[in-house]
Amino acid sequence: MLLLKKTAAALVFTGALATVSAQSVDQRIRLNTVGFLPGFPKQASVAAEFTTFMLRDIDDGGRRVYSGAAAEPMYNPDTRDTLWIADFSDFTTPGRYYIYIPDVGNSPAFTIAESVFTEPYRAVMLGFYLWRCGAAVNASHNGRTYSHAVCHAGDGGLQYYEPGASGKKDGTGGWHDAGDYNKYTVNSGAAVAFTLKAWENFWFVLKDTPLISVSDAGALPAFLAEVKHNLDWVAKMQFPDGRVSHKLSTLDFGGNVMPNNEGTERYFAPWSTAATGSFAGQMAIAARL
């Protein structure tokens with residue numbers, strides 16, 4: 001589940017001169033450690049005054065490949081830092097690099113490549129797969145295996161949906177929420193909106209990128225097959241009169257257990273305008289795609 005909270009990129013550097021060790025990285029130099037696309041803007045913000053900086057090639061003994069000057073300082077009111085900007089946008093050669101600033105230090109390492117976001121994308125989509133509720137999941141990533149057995153197969157009770165309600169309604173499936181195993185219609189709407197808008201705008205890239213644990217489902221590419229797993233549950237949150245339950249959850253947040261070990265009864269919450277509107281939006285873009 002750790003993968004569901006954050007995606008982290010770790011780089012290992014070799015070579016005596018090229019090594020950027022944890023001790024030598026200066027935390028005042030801040031940049032995208034995943035990396036940059038060659039033809040896109042590339043900047044580091046530095047919470048220390050400087051005049052010049054150098055870009056050094058990790059795979060070529062720390063050879064200097066680019067030099068630049070600091071831009072005029074700016075104040076960031078959110079972090080209360082005065083920042084000097086190192087802009088190296090016009091450097092486009094693929095490779096692994098770090099920034100060296102005299103009298104400040106080294107930046108974390110980063111990559112410049114057309115494929116720099118491919119693995120982070122695959123890891124994020126693996127996170128969605130591991131979020132699956134009502135199904136067994138099993139996947140390996142970076143030498144670690146993540147799995148759980150079928151969970152929450154009894155979703156969910158109706159007695160809290162409205163006065164006089166009783167019995168159960170099928171609410172199995174979907175994705176767990178990021179911080180617990182409950183399932184929220186509105187939270188789902190945010191995830192569905194971003195994933196389906198990504199497909200709508202960039203399908204020509206996403207369709208050819210293999211996912212770690214999800215495969216094509218008939219006519220559906222793997223990306224859409226994963227989103228549909230959640231949308232099949234979203235459809236179950238609507239009641240015959242058109243109203244949509246706000247969430248399906250336990251009465252209190254569960255403990256720190258695997259999802260298949262959470263046996264507490266789960267219930268449909270009352271309907272809400274927010275959930276009903278979110279439902280309509282999710283289904284509209286899903287129908288369009």
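Let's start at Asn142, which sits in the loop between β10 (137-141) and β11. Keep in mind that this is a predicted model. Most residues other than glycine have a negative phi, and most peptide bonds are trans. Asn142 has a positive phi, near 50 degrees, and is not a glycine. With 70% relative accessibility, Asn142 counts as exposed, because the cut-off for that word is over 50%.

Arg80 is another case to look at. This residue is in the loop between β5 (74-76) and β6, and its phi is positive at about 60 degrees, although Arg80 is not a glycine. Its relative accessible area is 69%, so Arg80 is exposed.

Now for a peptide bond: the one leading from Asp155 to Gly156 is cis, with omega near -10 degrees. You'll find Gly156 in the loop between β11 (144-148) and β12 (183-184).

On to the strands. In a regular strand the side chains alternate between the two faces of the sheet. Strand β2 runs antiparallel to β1 (residues 29-30), joined by 2 bridges, and Val46 is the bridge partner of Ile29. Strand β2 is also antiparallel to β6 (residues 81-87), with 4 bridges between them; here Ala44 stands opposite Ala86.

Finally, visit Trp271, in the loop between β14 (267-268) and α5 (273-288). Its relative accessibility is 38%, so Trp271 counts as partly exposed. Leaving aside neighbours within four places in sequence, Trp271 is in contact with several residues, among them Tyr161, Arg243 and His246.

Conventions. Residues are numbered from 1 along each chain as its sequence is written. This is a predicted model: local features need pLDDT of at least 70, side-chain atom pairs count only at pLDDT 80 or more; totals for chains, interfaces and linings use all residues. Side-chain values use heavy atoms; hydrogens and water are left out. Two strands pair if DSSP finds at least two bridges between them. Buried means under 20% relative accessible area, exposed over 50%, partly exposed in between (1.4 Å probe, protein chains only). Contact means heavy atoms within 4.5 Å.
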